[in-house]
Amino acid sequence: MRIISGSHKGRKIVAPKKLPVRPTTDRSKEGLFNILSHRLEISELKILDLFSGTGNISYEFASRGAKKIISVDQNRSCSQFIQQTAIKLELNLQVIQSEAISFLEKNNADYNLIFADPPYDWEEKDYQRIATLALQKLNPKGILILEHSNHLDLSSLESFDFSRAYGGSVFSFFE
């Protein structure tokens with residue numbers, strides 16, 4: 001995986017093979033950030049990255065100068081890897097080891113953007129739950145992005161705006 005733009009453009013990051021992750025592909029990430037860069041000023045955003053895994057999305061936001069980034073993952077090895085990489089690359093992000101739904105239930109902050117990439121074997125009801133909780137944590141003009149398998153259609157969920165597919169992955173946007 002690599003950082004595709006910003007101050008760390010081209011920087012390769014090699015995650016340990018033992019991490020239980022499915023990193024967002026560079027192609028998908030490039031498509032996502034093309035959409036975001038036309039809609040938002042990334043340097044002004046307060047971002048929550050749920051199910052952070054390797055930290056791939058958080059690093060991209062940090063490289064592009066996001067104001068604040070919080071990366072949440074329940075796996076200790078993932079959280080440690082993100083923290084070590086952030087220190088090594090001198091990226092401004094906070095890492096929290098927590099289960100995503102539990103974090104949302106206890107956290108009172110508001111965000112401009114929440115990105116969540118739960119396991120692809122989640123059911124629609126699980127996505128509904130995370131979407132409901134996450135939408136409550138967005139500021140009035142905030143955006144929620146759920147990454148999911150192309151076998152799942154989330155267009156019936158409340159506040160759905162649009163989706164974009166990249167190979168086997170889909171980004172569904174909620175406002």
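Colleague: Let's start with charges; what do the side chains of Lys-29 and Glu-60 do?

Modeller: They meet in a salt bridge, 3.4 Å from N to O, a salt bridge being a side-chain nitrogen of Lys or Arg within 4 Å of a carboxyl oxygen of Asp or Glu. Lys-29 lies in helix H1 (residues 26-39) and Glu-60 in helix H2, so the pair ties together parts that are 31 residues apart in sequence. Helices here are DSSP runs of H or I with at least four residues, strands are runs of E with at least two, and both are numbered from the N terminus.

Colleague: What sort of model is this, by the way?

Modeller: It is a predicted model, in which local features need pLDDT of at least 70 and side-chain atom pairs count only at pLDDT 80 or more, while totals for chains, interfaces and linings use all residues. Residues are numbered from 1 along each chain as its sequence is written, and side-chain values use heavy atoms, with hydrogens and water left out.

Colleague: Back to that pair: buried or exposed?

Modeller: Both Lys-29 and Glu-60 are buried, where buried means under 20% relative accessible area, exposed over 50% and partly exposed in between, with a 1.4 Å probe and protein chains only. Glu-60 has a relative accessibility of 0%.

Colleague: New topic: which residues of H3 are buried?

Modeller: They are Cys-78, Ser-79, Phe-81, Ile-82, Thr-85, Ala-86 and Leu-89. Seen down the axis of H3, the buried residues fall within an arc of 160 degrees, taken from the directions from the helix axis to the C-beta atoms, so they line one face of the helix.

Colleague: What do they pack against?

Modeller: The buried residues of H3 pack against helix H2 (56-63), strand S2 (68-73) and strand S3 (94-97), contact meaning heavy atoms within 4.5 Å.

Colleague: Which residues are exposed on the other side of H3?

Modeller: On that side, Arg-76, Gln-84, Ile-87 and Lys-88 are exposed.
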